[in-house]
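Good morning, colleagues. I would like to present the surroundings of the ligand in one structure, which I now ask you to look at.

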Amino acid sequence: MGRYDVVLERVAASIRGTADDRAAMEAAVQTLEREVPDYTWVGIYLLDGNELVLGPFVGKPSPHTRIPLGRGICGAAAAEKATIIVDDVNHDPRYLACSIETRSEIVVPILHDGDVLGEIDIDSDRRAAFGARDKAMLEAVAALLAVRIHALGPDAVTQT
Ligand code: SME
């Protein structure tokens with residue numbers, strides 16, 4: 001079993017082990033941040049109309065608690081319904097800064113029947129910290145979360 005299989009199994013177990021759907025999102029971000037040293041900031045945004053609203057996260061508070069679709073790397077990934085990896089955020093004009101230390105970012109849409117429910121957003125203080133194995137593992141986590149977020153329905157989004 002590779003390192004990423006172990007991380008996926010631990011995240012899946014933390015989601016499975018939490019009956020409450022909102023707490024399952026919390027458990028997933030906490031487990032990801034704890035298991036992967038390069039994951040400095042881990043959060044989930046939930047789609048509310050045309051905006052992404054920040055849900056559970058681990059790391060420094062972000063100024064971007066609401067992001068319109070199409071803005072930032074988060075908004076781009078939701079609009080494209082595809083994972084985006086940015087090796088150096090300082091060279092991506094879409095980037096909305098959260099922390100001065102952040103160097104790279106991955107945003108993974110959470111899709112249910114082709115609809116965007118939200119996304120997993122992870123920042124790293126290391127340049128080019130994210131690759132194909134992160135993408136595959138996080139897309140599997142997103143699929144697990146999609147079931148739980150869909151179960152919450154419109155209540156998934158709590159205003160901040
Ligand atoms: N960097 C993101 C904004 C969210 S913060 O990283 C938490 C973006 O460009 O969309």
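A polar side-chain atom of E105 lies 2.9 Å from a nitrogen atom of the ligand. I count a polar contact as a pair of N or O atoms within 3.5 Å. The protein covers 100% of the 310 Å² of accessible area that the ligand has on its own, areas being calculated by the Shrake-Rupley method with a 1.4 Å probe.

Please note that this is a predicted model, in which local features need pLDDT of at least 70, side-chain atom pairs count only at pLDDT 80 or more, and totals for chains, interfaces and linings use all residues. Residues are numbered from 1 along each chain as its sequence is written, and side-chain values use heavy atoms, with hydrogens and water left out.

How many residues surround the ligand? There are 13, and the closest are I73, C74, L96, E105 and D123; a residue is near if one of its heavy atoms lies within 4 Å. Eight members of this shell are nonpolar, two are polar and three are charged, with Cys among the nonpolar types and Gly among the polar ones.

Which elements give two or more residues to the shell? They are β1 (41-48), α3 (72-80) and β6 (115-124), where helices are DSSP runs (H or I) of at least four residues and strands (E) of at least two. The most comes from α3, with three residues.

Definitions and conventions
Polar contact = N/O pair within 3.5 Å; in protein donor to acceptor, adjacent residues only side chain to side chain.
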